[in-house]
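User: Hi! Could you walk me through this one while I have it open?
Analyst: Happy to, ask away.

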Amino acid sequence: MMMILFVGVTVGHSQAEAAETSPIRVMLNEETTPLSFTVDPISRQGTTLVQMRPLFERLGMELTWNQAAGTVKAVKSGTELTLKLGSKTATVNGKNVTLDYPATSINGNTLVPLRFVGEATGAIVHWNGAGRQILVVTTEWMQENNVTPAQVKAELAKLQADANAKHAEAKAAEKADSSSANTTPVNVSKLSGMYYGAEYDYAGYECGGICWKFYTFLPNNKIVVGEPVGGGPENVNCSKDQCRTYSVSGGQLKIQGGETLPISISKEGRLVIDEVHLDPVKPAAAGTKLNGEYISQGYYGLVGITPFSTSWTDYLTFYSDGRFTSDTLTIAALDTGAARTDSSSSAKTLSGTYTISKNTITLKYSDGKTESYIFDKLPPDKEGVIYVQIGGRSFHLK
């Protein structure tokens with residue numbers, strides 16, 4: 001039976017709003033990256049339209065475009081589809097079929113109704129609104145994995161219900177956090193310090209459920225994108241970190257090297273970059289110590305029936321006397337999605353001492369290695385669960 005992993009772990013600072021405005025992603029079977037389109041999929045009157053050529057080619061269909069007639073024909077294994085630009089009538093093996101929305105041209109690219117194309121070839125097309133993802137499960141994949149369409153649809157329905165429930169929880173937590181926070185409005189013309197936030201990878205393809213984003217704004221219009229090597233913003237070193245110049249104008253954050261991201265301030269006064277709501281890291285109180293077992297959870301891959309998917313739980317135990325133990329590799333060696341390559345410890349069971357200063361936690365391992373990470377202790381969530389941010393990982397107290 002299929003096991004499809006839709007949702008990430010719930011964290012204290014959720015980013016449900018960002019998920020609702022991100023581009024629609026189209027996933028094919030158990031593949032670990034979305035289909036790539038020049039024009040992002042769009043929604044028109046409840047119908048998702050996707051760029052024609054990349055879709056047909058990935059479905060293994062032979063494509064013929066008639067420029068004069070404005071028609072496209074796709075053929076595969078005895079199935080022949082014909083669509084005409086602007087027409088709500090298509091043909092499947094010579095029989096007329098009414099479309100919910102016609103094929104459309106955008107900037108010279110033809111977009112076609114995804115559900116029609118998928119189901120006309122026998123595929124299952126499933127919309128995961130919680131993650132703005134569409135899963136296309138082909139007949140070939142179902143046959144190879146010995147599952148029936150009925151089994152796939154039943155499992156999708158159960159897991160979608162769970163995804164919807166967790167997404168609703170995330171939205172409620174976001175709303176409660178925004179309404180209760182004493183947020184100091186951000187001025188985009190005078191940005192300073194580090195901001196961080198998360199976006200959800202509901203399918204587990206990018207970073208195990210939660211993708212943490214970091215932006216550190218320095219004097220003289222310098223910026224570090226991502227987790228600094230030395231930990232918190234107070235330890236940024238441009239000889240080790242990639243410090244680039246930036247400017248803000250017209251609602252755009254323009255970063256040296258050609259990267260341009262939308263930037264704005266939310267109605268609650270929070271900084272929003274590339275649709276991710278961000279919060280400033282807050283320096284820890286002098287002498288801060290942790291006590292107890294902290295857990296970080298995640299997963300990788302969409303379809304659990306294949307060897308490409310897995311889930312994990314990692315443990316870090318901190319003691320108030322400044323010691324720590326770990327059941328796994330070093331933090332830098334974990335699959336966090338962060339661009340850390342400076343870890344050299346590799347023992348399976350680790351121990352050592354830790355110190356917390358401002359926004360940095362430093363771990364000194366018993367083998368003599370030392371690593372430093374961003375640190376932030378978050379307020380308890382509505383259920384009283386305590387979270388700490390350590391680099392690109394969110395840990396909650398067991």
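User: How many residues sit between S24 and S25 in their hairpin?
Analyst: Two residues lie between S24 and S25 in that hairpin, and Lys 358 in the turn has a positive phi of about 55°. Strands here are DSSP runs of E with at least two residues, numbered from the N terminus. One note on the source: this is a predicted model, where local features need pLDDT of at least 70, side-chain atom pairs count only at pLDDT 80 or more, and totals for chains, interfaces and linings use all residues. Residues are numbered from 1 along each chain as its sequence is written, and side-chain values use heavy atoms, with hydrogens and water left out.

User: Which way do S24 and S25 run, and how many bridges join them?
Analyst: They are antiparallel, with six bridges between S24 and S25 (residues 360–365). Two strands count as paired if DSSP finds at least two bridges between them. Tyr 354 stands opposite Leu 363 in S25.

User: And which strand does S23 pair with?
Analyst: S23 (residues 323–326) is joined by four bridges to S24 (residues 350–357), again antiparallel. Phe 324 has Gly 352 in S24 as its bridge partner.

User: Switching topic: how many disulfides are there?
Analyst: The count is one, taking a disulfide as a pair of cysteine sulfur atoms within 2.5 Å. Cys 238 is joined to Cys 243, with 2.0 Å from S to S. The link of Cys 238 and Cys 243 is left-handed, at -95° about the S-S bond.

User: Is Cys 243 buried or exposed?
Analyst: Cys 243 counts as buried because its relative accessibility is 17%. Cys 238, at 47%, counts as partly exposed. The cut-offs are under 20% relative accessible area for buried, over 50% for exposed and partly exposed in between, with a 1.4 Å probe and protein chains only.

User: What about Thr 110, where does that lie?
Analyst: Thr 110 is in strand S10 (residues 109–113). Its relative accessibility is 10%, so Thr 110 counts as buried. Beyond its neighbours within four places in sequence, Thr 110 is in contact (heavy atoms within 4.5 Å) with residues including Val 50, Met 52, Trp 65 and Leu 85.

User: Last one: how many helices and strands are in the whole chain?
Analyst: The protein chain has five helices and 28 strands, a helix being a DSSP run of H or I with at least four residues. Of its 398 residues, 49% are buried. Among contacts with a separation of 6 or more, 54% come from residues 24 or more positions apart.
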